[in-house]
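The sequence and the coordinates come first.

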Amino acid sequence: MVEQYLSNVHQVAEQHGAVPLLVCLCGSRAFGYAAPHSDYDVRFVYAYPLSRYFTLTPAPQELRLREADVVGYELGKFLAMCAGNGWNAHEILHSPVLYERADVVAELRGLAASVFSPPEIVAALLSGVKTYQRRMAHIDGADSDATDKRVKWTLGCLHHVMAARYVAEHGEAYPIPIAELASAVLPHILPQVERLVAWRAGQLVLSNELLAHCIVAVQQVSAELSDSVQHAVLPPAPVADAAPLESFYLKVAKML
């Protein structure tokens, strides 16, 4: 399955004269709590040779595969996302890699780290927590997938709030897998996280009572941690300097 997505990415990039720089997994398969039926959320970053920018037809800044959840961002747009401190840009840079041009991506990660703004990232992650909470509040108990959705969104909420705590404490990009993040931020909740992850993967059978207990425990910890992060003293945002990003952008276009 992954090989097919990777092949599709290269195919759609070639159709537009683009060169993939990084292809990765996002979503639950990157975070480590996918179900067997979970989609593959594939994201990629691409660039064009310099000559492509000097044509009458604008080069697309975003490429998509309609039949799958595959989205690509042109390097200039992606650099703007990093500078604007979109948390999803930083997750793309640190998610499980399917393909990368190591020489380019290593420098890209360094540049993204130089513009990493803890206050903005934490605010974005906490906004994501509220989104998950709203979803859980509207779960229909008659829905045959209600329990699976509740587990998925409970873990998603915890993932976001632990990521916010990690950024608040360390001022840098956080580990992507939920188990690794829990080990670093909330080791005492790791057993409940591992049970929910294994249940969702179909690797563990839990009684309704034990499953409900794990969900409530994780939700309670998420709420408490969210409150504490909102009052945390955060590392300052870096002084904005677009020049290194622009130089890198031009350098990559020239080398392709």
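## Helix α6

The model is predicted. Helix α6 has 20 residues, which at 1.5 Å a residue should span 28 Å; the C-alpha atoms at its ends lie 29 Å apart, in agreement with that expectation. Pro 118, Ile 121, Val 122, Leu 125, Leu 126, Gly 128, Val 129, Tyr 132 and Met 136 are the buried residues of α6. Because they cover an arc of only 150° around the axis, they sit on the same side of α6. The elements covering these buried residues include α4, α7 and α10 (208-230).

Val 129 belongs to helix α6. Its relative accessibility is 2%, so Val 129 counts as buried. Leaving aside neighbours within four places in sequence, Val 129 is in contact with Cys 157, His 160 and Val 161. Val 129 and Ala 34 are 95 residues apart in sequence, and their C-alpha atoms are 19 Å apart in space.

## His 160 in α7

One of the contacts of Val 129 is His 160, a residue of helix α7. Is His 160 buried or exposed? With a relative accessible area of 4%, His 160 is buried. Not counting residues up to four places away in sequence, His 160 touches Trp 87, Leu 125, Gly 128, Val 129 and Tyr 132. Of these, Leu 125, Gly 128, Val 129 and Tyr 132 are also among the buried residues of α6.

## The largest pocket

The largest pocket holds about 590 Å³ of space. Its lining consists of 27 residues, and those nearest the pocket centre are Gly 27, Ser 28, Phe 31, Asp 41 and Tyr 132. By residue class, the lining comprises ten charged, nine polar and eight nonpolar residues.

Which elements each supply at least two residues of this lining? They are α2 (28-31), β2 (41-47), α4 (87-94), α6 (118-137) and α7 (146-170). Helix α7 gives the largest share, with six residues. Tyr 132, one of the residues nearest the pocket centre, is also listed among the buried residues of α6 and is touched by His 160.

## Helix α9 and Arg 200

The buried residues of α9 are Leu 190, Gln 192, Val 193, Leu 196, Val 197, Ala 198 and Arg 200. They pack against α2, α7, α8 and α10. Just after α9, Gly 202 adopts a positive phi of about 80°.

Arg 200 is part of helix α9, which covers residues 190-200. Arg 200 counts as buried because its relative accessibility is 4%, and the cut-off for buried is under 20%. Apart from residues up to four places away in sequence, Arg 200 touches Ser 28, Tyr 33, Ala 34, Ala 35, Pro 36, His 37, Ser 38, Asp 148, Val 151 and Lys 152. Ser 28 in this list is also one of the residues nearest the centre of the largest pocket.

## Helix α5

Helix α5 runs over residues 102-114; its 13 residues should span 18 Å at 1.5 Å a residue, and its end C-alpha atoms are 19 Å apart, which agrees. Val 104, Val 105, Leu 108, Leu 111 and Ala 112 are buried in α5. These residues cover an arc of only 120° around the axis, and therefore lie on the same side of α5.

The cover over the buried residues of α5 includes β1 (19-26), α3 (75-83), α4, β5 (97-100) and α11 (243-255). The exposed residues Asp 103 and Ala 113 are carried by the face of α5 turned away from its buried side.

## Two partly exposed residues

Gly 17 is located in the loop between α1 (2-15) and β1. Its relative accessibility is 33%, so Gly 17 counts as partly exposed. Not counting residues up to four places away in sequence, Gly 17 touches Tyr 48 and Pro 49. Gly 17 and Val 70 are separated by 53 residues in sequence and by 18 Å in space, C-alpha to C-alpha.

Ser 183 lies in helix α8, residues 178-185. Ser 183 counts as partly exposed because its relative accessibility is 41%. Ser 183 and Gln 4 are 179 residues apart along the chain, with 33 Å between their C-alpha atoms.

Methods. Residues are numbered from 1 along each chain as its sequence is written. This is a predicted model: local features need pLDDT of at least 70, side-chain atom pairs count only at pLDDT 80 or more; totals for chains, interfaces and linings use all residues. Side-chain values use heavy atoms; hydrogens and water are left out. On a 1 Å grid over the protein atoms alone, a cavity is a set of points where a 1.4 Å probe fits but cannot get out, and a pocket is an open set with protein on both sides within 12 Å along at least five of seven lines; lining residues have an atom within 4 Å of a point. Grid points are joined across faces, edges and corners, and a volume is the space filled by probe spheres set on the points. Helices (H or I, at least four residues) and strands (E, at least two) are DSSP runs, numbered from the N terminus. Ala, Val, Leu, Ile, Met, Phe, Trp, Tyr, Cys and Pro count as nonpolar, Asp, Glu, Lys and Arg as charged, and the others, Gly among them, as polar. Buried means under 20% relative accessible area, exposed over 50%, partly exposed in between (1.4 Å probe, protein chains only). Contact means heavy atoms within 4.5 Å. The expected span of a helix is 1.5 Å times one less than its number of residues. The arc is that of the directions from the helix axis to the C-beta atoms.
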